Each structure stands twice: as structure tokens, then as C-alpha cells.
Amino acid sequence: MYLFLKEIGLSKESSFFGATILPFTGFFIAWLTWGTIVTSAMFLPLILLSIEKLSKKINPFWFLIISFSTSQTFFGGHLQTALYVLLAAVLYLAFKMSQSKDFRFLIVTVVGILLGALLASIQLLPTIELLN
């Protein structure tokens with residue numbers, strides 16, 4: 001969270017405060033006993049940082065990071081929280097698109113998120129089959 005907050009222009013003190021507060025929010029504390037929920041949610045700042053970095057400059061490193069963090073969100077083991085994280089990422093992506101209008105950035109980011117879901121399909125497909 002610290003790196004994301006620094007990237008969007010906050011001061012060191014504000015970024016440190018935000019990064020310190022995030023793990024102690026009600027959501028993380030309330031679900032601490034179920035590690036799968038926190039494990040799925042903890043990749044949200046990394047996904048947001050990747051979107052922010054890709055909006056400024058398309059870089060293969062941040063493309064791989066967004067793919068990795070998306071897959072790890074699904075591998076965390078709680079599908080509902082993973083979908084909430086992806087919803088937050090899509091909303092932030094829509095916000096960034098309203099500012100830049102760079103469709104290359106949109107395509108690269110969406111492909112990175114889809115690649116992460118594809119990497120996680122080894123877990124997602126049996127889960128979907130179990131639900132049916």
C-alpha cells in the first residue's frame with residue numbers, strides 16, 4: 001500500500017500512515033481468523049499499483065506483476081473476495097481511463113488481468129465444476 005500511495009502523489013508520512021492503517025481496518029481484523037479472505041484481499045494494493053504504473057508507461061514488468069497478483073488473488077482461496085478485489089480494480093481502471101483515454105493502456109491492463117485469471121484457471125475450473 002505504501003508504494004501505491006507514494007505513486008499517486010501522497011507524502012511519505014501519509015503513505016506510511018495509509019500502509020500502516022490498511023492491515024488494521026475492520027475488514028482485515030474481522031476476517032483475520034479466516035486466512036483465505038485476507039489472503040485474497042491483500043493483493044489489492046499491488047493490483048492498483050500495477051494499474052497506476054501501466055497508466056503512466058506500459059512496461060512488461062508491471063504487466064507480469066498485475067497478472068501474478070490477479071492469479072494470487074484467486075489462489076488465495078476465497079472466490080467472493082477475489083471478485084470484490086477485481087471489481088475494485090475494474091472501477092479504478094475505469095477511473096484511470098476517464099483521465100487518459102489511452103486505449104493501449106486499457107488493452108494491456110485487461111489482458112494482464114485476464115492472463116492472471118487464466119493462470120488461476122487451474123483452481124477456478126474445478127471450483128466452477130464443483131458449484132454446478
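1. Helices here are DSSP runs of H or I with at least four residues, and strands are E runs of at least two. In this predicted model, the protein chain has nine helices and zero strands. Read from the N terminus, the order of elements is α-α-α-α-α-α-α-α-α.

2. Overall dimensions come next. The protein chain has a radius of gyration of 15 Å; a compact globule with 132 residues would have one near 14 Å, so the two agree. Along the principal axes, the C-alpha atoms fill a box of roughly 45 × 35 × 25 Å.

3. Now the packing. Of the 132 residues, 34% count as buried. Take the contacts between residues at least 6 apart in sequence: 62% of them join residues at least 24 apart.

4. Aromatic rings deserve a look. The count comes to six aromatic pairs. One of them joins Phe27 and Phe28, edge-to-face, at 5.7 Å centre to centre and 90° between the planes. Phe28 is buried, because its relative accessible area of 13% is under 20%. Phe27 is partly exposed, at 35%.

5. Trp31 and Trp34 also pair. Their ring centres are 5.5 Å apart and their planes stand at 55°, so this pair is tilted. Trp31 is partly exposed, with a relative accessible area of 35%.

6. Which residues do ring pairs link into a cluster? They are Phe4, Tyr92 and Phe95.

Notes:
Residues are numbered from 1 along each chain as its sequence is written. This is a predicted model: local features need pLDDT of at least 70, side-chain atom pairs count only at pLDDT 80 or more; totals for chains, interfaces and linings use all residues. Side-chain values use heavy atoms; hydrogens and water are left out. The radius of gyration is taken over C-alpha atoms; the globule rule is 2.2 Å times the number of residues to the power 0.38. Buried means under 20% relative accessible area, exposed over 50%, partly exposed in between (1.4 Å probe, protein chains only). Contact means heavy atoms within 4.5 Å. Rings of Phe, Tyr and Trp (its six-membered ring) pair if their centres lie within 6.5 Å; planes under 30 degrees apart count as stacked, over 60 as edge-to-face and the rest as tilted.
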